[in-house]
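Here is a walk through one protein chain, from its overall surface down to a single side chain. Keep the model open and follow along.

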Amino acid sequence: LDSSTISEETRKQYIEVVYQSSSQLLSIISDIVDISNIETGLIRLSVSETNINKMLVNAFDLYFLQAKQKKLRLAFSSSLADQKSFVMTDGTKVLQILSNLINNAIKFTQRGSVSFGYTVKESELEFFVSDTGIGIPEGNHSRVFERFYQVEDPNIIKTAGTGLGLSISKAYAELLGGKIWFNSVHGKGTSFFFTIPFVEAMVSETKSEMQGSSRRKVILPGKTILVAEDDDVNFILMREMLAGVNATLIRAANGEEAVKYCNNNKPPDLILMDIKMPLMDGYQTAEIIRESNPDIPIVAVTAYAHASEREKATSAGFKGYISKPIDRPQLLSLISRFL
């Protein structure tokens, strides 16, 4: 990338390789961590209001380009009106199941389409992901949910992955109080289904408006955001992600600097607080800042994307939570809730 002899087009191709390989590595590491936590019984539910329809839109946006590159038609459908699609569940785990199934469907479909969505079945929501792909040979049906298992077929192009996605999906579906199953015809396609309990959530008009505002472009002139981050590279990345919001960005390289800034200057409008920092961690720093500035919204930024960490941050008084590697749309959506 640093070579002066390569063209800009080649440089872009290399950047895409780095991006795709990094995403693949992150996915593998996440799968290994998840299956380890499942085996040791450390996985816990974090139930909150979840907008199911918005989840489908986000999943479509996430996989649209991947499907388009393979010339596949990607479509989704929902059964509830937007204002009725708020349910009480662990949205992170539902989205992970859905993402695992959509990713597999696109991976094993060479032509045709991939569709996903949900229907209401009495006291349950039944999700589906269907494709017109290669299907699963009948002799392999009993092993589909086995850990690390991948179909060995000379007619199937070898694809990257750990063989853990469906095992994790099965564990999560059961943890959520549902089940998962599939129908498949070799050479014609596969349909996966999973259920979760249908527990409606009450949503106020104000909250619905807030959901809509998160989709608009975030412009924050006159606002100050304090970023408490000890790692230089992480701060540079955060600065680039927030370059277009027109807010003033202040950096504190450790907890003591964050406290000092809040005490000696006009309080920032928002604090993005790294949890793991030298001198004082994010929890200690936030507690001290709240003593003199209780109204400043503080968002926890952590490398530990576990439900237990999210619950700990919520219990400690953080107004929001985001895990590394940070997703820019998610970051902007989170900021828009408070500024």
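**From surface to side chain**

The chain exposes about 18,600 Å², and carbon and sulfur atoms supply 52% of that area. This is a predicted model. Of the chain's 339 residues, 44% count as buried. The secondary structure comes to 10 helices and 12 strands. Now take the contacts between residues at least 6 apart in sequence: 68% of them join residues at least 24 apart.

Turn to the sheet. Five strands form an open sheet in the order β9-β8-β10-β11-β12, with parallel pairing. Which strands stand at the edges? They are β9 (248–252) and β12 (320–323). Each has a single partner strand, so one side of each is left without a neighbour in the sheet. From one strand to the next, the twist averages 20°.

Look inside the sheet next. Strand β10 spans residues 270–274, and strand β11 spans residues 298–302. The two pair in the parallel sense over four bridges. Within this pairing, Met273 stands opposite Ala300 in β11.

Helices pack on this sheet. Helix α7 (residues 255–264) touches β8 (224–228), β9 and β10. The direction of α7 makes about 155° with that of β8. Helix α10 (residues 328–336) also packs on the sheet, where it touches β8, β10, β11 and β12. The direction of α10 makes about 170° with that of β12.

Move to helix α4, residues 165–175. Its buried residues are Gly165, Leu166, Ser167, Ile168, Ser169, Tyr172 and Ala173. What covers them? The cover includes two helices, α1 (8–39) and α3 (91–107). It also includes two strands, β6 (180–185) and β7 (189–197). Just after α4, Gly177 takes a positive phi of about 95°.

Finish at Asn51, in strand β1 (residues 48–51). Is Asn51 buried or exposed? Its relative accessible area is 16%. The cut-off for buried is under 20%, so Asn51 is buried. Its side chain makes contacts with backbone nitrogens. A polar atom of the Asn51 side chain lies 3.2 Å from the backbone nitrogen of Asn53. The Asn51 side chain also reaches the backbone nitrogen of Lys54, at 3.0 Å. Which residues does Asn51 contact once its neighbours within four places in sequence are left aside? They are Ser85 and Phe86.

Conventions
Residues are numbered from 1 along each chain as its sequence is written. This is a predicted model: local features need pLDDT of at least 70, side-chain atom pairs count only at pLDDT 80 or more; totals for chains, interfaces and linings use all residues. Side-chain values use heavy atoms; hydrogens and water are left out. Two strands pair if DSSP finds at least two bridges between them. Axes are lines fitted to C-alpha atoms, for helices over the stretch in contact, and angles run from 0 to 180 degrees between N-to-C directions. Contact means heavy atoms within 4.5 Å. Buried means under 20% relative accessible area, exposed over 50%, partly exposed in between (1.4 Å probe, protein chains only). Accessible areas come from the Shrake-Rupley method with a 1.4 Å probe; for residues, only the protein chains shown count as cover. A polar contact is a pair of N or O atoms within 3.5 Å; within protein, one must be able to donate a hydrogen and the other to accept it, and residues adjacent in sequence count only if both atoms are side-chain atoms.
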